[in-house]
Amino acid sequence: MLLRLMILILLGLARANAPAGAQAQAPAPFDANLQRLAEILGALHYLRGICGANEGQKWRNEVQALIDAEAPTGDRRARMIASFNRGYRGYQQSYRTCTPAADLVIRRFLEEGSKIAREVTARYAN
């Protein structure tokens, strides 16, 4: 819940801080953070699924909302999508079933994702 709230705040900041017409062309100073967040969401999409969270497409929808709000084009868009896929596939190769280690990774990614959202919000909020 906290991660979702932080993502929504981050999305609003991304839109508010980007100059009109330039947001889809020039990289934002927080692009690396958004890519990391997309990677975390990809990992969560896979790991929460094998751990029986019954969340369906929740994490994929979160990254889609991030992409829709940021409206990146070209390489920026491709990097965000690749980050999500890298997170998903990386854990798909490592985990076939839910383990205590997978639960730990989930908790750490939830914390890291929240931290990224808080830091970007604090740094780029007006």
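## Helix packing in a predicted model

α2 passes α5 in a left-handed crossing (left-handed if the near helix is turned anticlockwise from the far one by less than a right angle, right-handed if clockwise). The model is predicted, with local features needing pLDDT of at least 70, side-chain atom pairs counting only at pLDDT 80 or more, and totals for chains, interfaces and linings using all residues. Residues are numbered from 1 along each chain as its sequence is written, and side-chain values use heavy atoms, with hydrogens and water left out.

**Exercise 1.** State how many helices and strands the protein chain has, and which pattern they follow.

*Solution.* Step 1: the protein chain contains five helices and zero strands, where helices (H or I, at least four residues) and strands (E, at least two) are DSSP runs numbered from the N terminus. Step 2: along the sequence this reads α-α-α-α-α. Step 3: of the 126 residues in the protein chain, 39% are buried (buried is under 20% relative accessible area, exposed over 50%, partly exposed in between, with a 1.4 Å probe and protein chains only). Step 4: among contacts with a separation of 6 or more, 82% join residues 24 or more positions apart; contact means heavy atoms within 4.5 Å.

**Exercise 2.** Describe the geometry of α2 against α5, and name the residues that make the contact.

*Solution.* Step 1: two packed helices are described by the angle between their axes and the distance between the axes. Step 2: the axes of α2 (residues 31-50) and α5 (residues 100-124) come within 10 Å and cross at roughly 150°. Axes are lines fitted to C-alpha atoms, for helices over the stretch in contact, and angles run from 0 to 180 degrees between N-to-C directions. Step 3: α2 is therefore roughly antiparallel to α5 (under 35 degrees is roughly parallel, over 145 roughly antiparallel, 65 to 115 roughly perpendicular, and the rest oblique). Step 4: α2 contributes N33, R36, L37, I40, A43, L44, L47 and R48, and α5 contributes A102, V105, I106, F109, L110, E112, G113, I116 and V120. Step 5: this contact of α2 with α5 comprises twelve nonpolar, two polar and three charged residues. Here Ala, Val, Leu, Ile, Met, Phe, Trp, Tyr, Cys and Pro count as nonpolar, Asp, Glu, Lys and Arg as charged, and the others, Gly among them, as polar.

**Exercise 3.** Carry out the analysis for α2 with α3, then for α2 with α4.

*Solution.* Step 1: the axes of α2 and α3 come within 8 Å and cross at roughly 160°. Step 2: the two helices α2 and α3 are therefore roughly antiparallel to each other, and their crossing is left-handed. Step 3: on the α2 side the residues are L34, L37, A38, L41, L44, H45 and R48, and they meet W59, R60, E62, V63, L66 and E70 of α3. Step 4: by class, the contact of α2 with α3 has eight nonpolar, one polar and four charged residues. Step 5: for α2 and α4, the axes come within 7 Å and cross at roughly 35°, and the crossing is right-handed. Step 6: residues of α2 including L34, A38, L41 and Y46 meet residues of α4 including M80, F84, Y88 and Y91. Step 7: the contact of α2 with α4 divides into ten nonpolar, six polar and five charged residues.

**Exercise 4.** Which residues have the most contacts inside the largest nonpolar core?

*Solution.* Step 1: a nonpolar core is a set of buried Ala, Val, Leu, Ile, Met, Phe, Trp, Tyr and Cys residues joined through side-chain atoms within 4.5 Å. Step 2: the largest such core has 25 residues, and F30, L41, L44, L47, V63, Y95 and F109 have the most contacts inside it. Step 3: α2, α3 (58-70), α4 (74-94) and α5 each supply at least two residues of this core. Step 4: α2 gives the largest share, nine residues. Step 5: beyond its neighbours within four places in sequence, F109 is in contact with R36, I40, A43, L44 and Y91.

**Exercise 5.** Is N54 buried or exposed, and what is its phi?

*Solution.* Step 1: N54 lies in the loop between α2 and α3. Step 2: N54 counts as exposed because its relative accessibility is 75%. Step 3: the phi of N54 is near 50°, a positive value in a residue other than glycine. Step 4: most residues other than glycine have a negative phi.
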